[in-house]
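Here are my notes for anyone opening this one for the first time. Have the view ready and follow along point by point.

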Amino acid sequence: MTSVERASEVARGAEDGVTPRSAWAAELAFAVETAAAAGAVLMDRYERLERIDYKSATDVVTEADHLSEELVIAAIRTRFPGDAILAEESGAHAAGESRPVNGRTWVIDPLDGTVNYANGLPVFCVSIGFVVDGRPVAGAVLDPTRNETFAATADGPATLNGRAVHASTKEKLSDAIISLSLAGRSVASRARAISKEVRAARSMGSASLALAYVGNGRFDAFVQESGMSTWDVAAAGLVAERAGATVTAFGGSAWYDPGRATRTVGTIAAPPAFHPRLLALANTR
């Protein structure tokens, strides 16, 4: 059984009645399988790109972004034609009269870490989140280079390739390896303050994957001030939360806010014992 098949089997829920079936099992199985298909598109073109376009001075888009997104959107329209879609490259796609931030909405990042991808760095992912009435309830984050799928539902565990995972259980913040990205005022002083209290800080270039890594303790915590959008956190934030991490917006409010503008989302995810301290350090001006 492949990792995708194993993850899909778990996502559908056990049939023997021992493990309760998630209310969102069908949506999660679809997210896992569709992310795998999109990941195959990315790997088929990895280090063989024909064109790279620049969206801004610091952001790029490739044909792989568009092809991956088109595949995911087509799959959603076939399987769940009544659902709305919010996708990074093409924006909102309403279903009938529904608004893309209400009801049932699929929130897609077809390629998170495009700069890495375009430069041949094997750190990128596909993220597919499923949101109901403004709350993420299912999601999958696929790293196609490692054949790893992080997944979760709001009523089930976080998993990696179908096996339950848990956030870090380290006792000391000074032992923590964290994903750190700050912006705005006092960046240098705040970064120094945080770095003094942890073992090491890193930046991967793929926010969704780094946030998902909190789910199995590869990163003990994730701190990013801004620069993200709802499609970066919809799935990965749920994975981290269901794995036992405390997840909030950068300022401490709810971590998923469908009304936030593009590239203004910030998130802090950490074990409950570490979160208050990291929140305070990150927000000290």
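**Notes on the structure**

1. Start with Glu 27 and Arg 104, which form a salt bridge whose closest N and O atoms are 3.1 Å apart (a salt bridge being a side-chain nitrogen of Lys or Arg within 4 Å of a carboxyl oxygen of Asp or Glu). This pair ties together distant parts of the chain, with Glu 27 in helix H2 (residues 25-45) and Arg 104 in strand E5, 77 residues apart. Helices (H or I, at least four residues) and strands (E, at least two) are DSSP runs, numbered from the N terminus.

2. Before going on, a word on what you're looking at: this is a predicted model, where local features need pLDDT of at least 70 and side-chain atom pairs count only at pLDDT 80 or more, while totals for chains, interfaces and linings use all residues. Residues are numbered from 1 along each chain as its sequence is written, and side-chain values use heavy atoms, leaving out hydrogens and water.

3. Back to that pair: is each partner buried or exposed? Glu 27 counts as buried because its relative accessibility is 8%, while Arg 104, at 29%, counts as partly exposed. Buried here means under 20% relative accessible area, exposed over 50%, and partly exposed in between (1.4 Å probe, protein chains only). Asp 83 joins in too, linked with Glu 27 and Arg 104 in a network of salt bridges.

4. The search of the whole structure turns up 12 salt bridges. Among them is Arg 218 with Glu 148, at 2.7 Å from N to O. Arg 218 sits in the loop between helix H6 (207-213) and E13, and Glu 148 in strand E8 (residues 148-153), 70 residues apart. Arg 218 is partly exposed at 31% relative accessibility, whereas Glu 148 is buried at 9%.

5. Lys 170 and Asp 220 make another salt bridge, with their closest N and O atoms 2.9 Å apart. Here the loop between strand E10 (163-164) and strand E11 (177-181) supplies Lys 170, and the loop between H6 and E13 supplies Asp 220, 50 residues apart. Lys 170 is partly exposed at 36%; Asp 220 is buried at 1%.

6. Now look at E5 (residues 104-112), where 8 of the 9 residues are buried. Strand E3 (residues 84-87) runs parallel to E5, joined by 4 bridges, and strand E6 (residues 125-132) runs antiparallel to E5, joined by 7. Two strands pair if DSSP finds at least two bridges between them.

7. Thr 230 lies in helix H7 (residues 230-242) and is buried, at 6% relative accessibility. Leaving aside neighbours within four places in sequence, Thr 230 is in contact (heavy atoms within 4.5 Å) with Leu 86, Val 107, Tyr 256, Asp 257, Pro 258 and Val 265.

8. Which residues of helix H8 (residues 275-282) are buried? They are His 275, Leu 278, Leu 281 and Ala 282. These cover an arc of only 135° around the axis, so they are on the same side of H8; the arc is taken from the directions from the helix axis to the C-beta atoms. They pack against helix H5 (187-197), strand E13 (221-228), strand E14 (246-249) and strand E15 (265-270).

9. For the overall picture, the protein has 8 helices and 15 strands, and 53% of its 285 residues are buried.
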